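Have a look at the display below, and then we can walk through a few points together.

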Protein chains: 2
Amino acid sequence: MAKRVSHKDSMCGVARPLDAIGDWWSLLIIRDAFDGLRRFGEFQKSLGLAKNILSARLRNLVAHGILDTVPASDGSPYQEYVLTQKGQGLFPLLVALRQWGEDFFFAPDEPHVTLVDRATHMPVRRLELRAQDGRMLMAEDTVVVVPALAGERE
Amino acid sequence: MAKRVSHKDSMCGVARPLDAIGDWWSLLIIRDAFDGLRRFGEFQKSLGLAKNILSARLRNLVAHGILDTVPASDGSPYQEYVLTQKGQGLFPLLVALRQWGEDFFFAPDEPHVTLVDRATHMPVRRLELRAQDGRMLMAEDTVVVVPALAGERE
DNA sequence: AATCATGGTTTCAAATTAAAACCACGTTAG
DNA sequence: CTAACGTGGTTTTAATTTGAAACCATGATT
């Protein structure tokens, strides 16, 4: 972790989040947390990863303010791991990942889990990126701009 | 790569995409590709990663159909790496990552690059997740459902 | 003919990961 | 009381991955 950033001493707006998350396992832990898992053992069982790795990842996620530890809700002498606000902010990212997966990693008829509206049980729509005025935007309709000295590069 | 999935022989809709992308470097490569970079040397200069690693990542991305190699457009004897349709499908994911970064990794006054609407040069809106009927959905408004019997829990 | 730029591959040391063994603490069973 | 057990980890150790640097191949430049 703590990646070396030699040629630019501040990480960009994409690399910084990536560094905080840590690795793929962490993202799967976060997904499980969204699904309501809270206990060390639950994560381990769900993901099947080594306990030392899980331990390290949880510690890292807590250190980055994505998870928080709280005393167990059921009286057991252990702690539970819950998403902070910051952690919950990752929801769109997980949805994006899932939708991309649906688009390209499953045969048309292959069954897969679906994200549905809790109220109606209908599948959710695609994530939408819109301009201020409401127009839908595709990748080509956007540019990345750097703030002050305005070197606009794309 | 090619992660072992011992306890379940089919990866879920989130893990599969993660496996295909490979690692954080790959995502940064993809971001650069969205920014128009195409050449080996451009990626290397932009990201500052070792050439062997870049080489491996590019090969992996091509193998997973996220990038494609095309003969160089400028007559040089080399090839260029361009996003496939599948690769372009990752745009929302990058936007999600960037917006999360803006929310939690920059001081309110700290300058950072911004994604803007190419037409108006105004910042884009937040990614929106909506129900079929158009209601905006938060994480708590959604559930993940498994498709009938299939043994995939999530 | 020698040099340089580009796009890699190979080599090898260092860091990371993962499996398994171990440990601590509290609970239940005998 | 004591032995086994479940939970939540840490330590140990080997295997894998990473990354820096050196090397190489090809074509263009001087």
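Which element gives the most to the surface near DNA strand C? In this predicted model, the answer is H4(B), with four residues. Let's start with that surface and then turn to a pair of helices in chain A.

- DNA strand C is surrounded by 16 residues, and the closest are A:Asn52, B:Arg39, B:Lys51, B:Ser55 and B:Tyr81.
- Of the atoms of DNA strand C that come within 4 Å of the protein, 58% belong to sugar and phosphate.
- At least two residues of this surface come from each of these elements: helix H4 (51-63) of chain A, and helix H3 (40-47), helix H4 (51-63) and strand S2 (79-83) of chain B.
- By class, the surface near DNA strand C has seven nonpolar, five polar and four charged residues.

- The side chain of A:Asn52 places an N or O atom 2.3 Å from a base nitrogen of DNA strand C.
- For B:Arg39, a side-chain N or O atom is 2.5 Å from a phosphate oxygen of DNA strand C.
- B:Gly41 uses its backbone instead: an N or O atom there lies 3.1 Å from a phosphate oxygen of DNA strand C.

**Helix packing in chain A**
- Helix H2 (residues 24-34) of chain A packs on H4(A) at an angle of about 75 degrees, and their axes are 10 Å apart.
- With that angle, H2(A) is roughly perpendicular to H4(A).
- From H2(A), A:Trp25, A:Ser26, A:Ile29 and A:Ile30 meet A:Ile53, A:Leu54, A:Arg57, A:Leu58 and A:Leu61 of H4(A).
- The residues of this contact are seven nonpolar, one polar and one charged.

Methods. Residues numbered from 1 in each chain as written. Chains lettered and ligands numbered in written order. Predicted model: local features only at pLDDT ≥ 70, side-chain atom pairs only at ≥ 80, totals over all residues. Heavy atoms only, no water. Near = heavy atom within 4 Å. Polar contact = N/O pair within 3.5 Å; in protein donor to acceptor, adjacent residues only side chain to side chain. Nonpolar A, V, L, I, M, F, W, Y, C, P; charged D, E, K, R; others polar. Axes fitted to C-alpha atoms, helices over the stretch in contact; angles between N-to-C directions. Parallel < 35°, antiparallel > 145°, perpendicular 65-115°, else oblique. Contact = heavy atoms within 4.5 Å.
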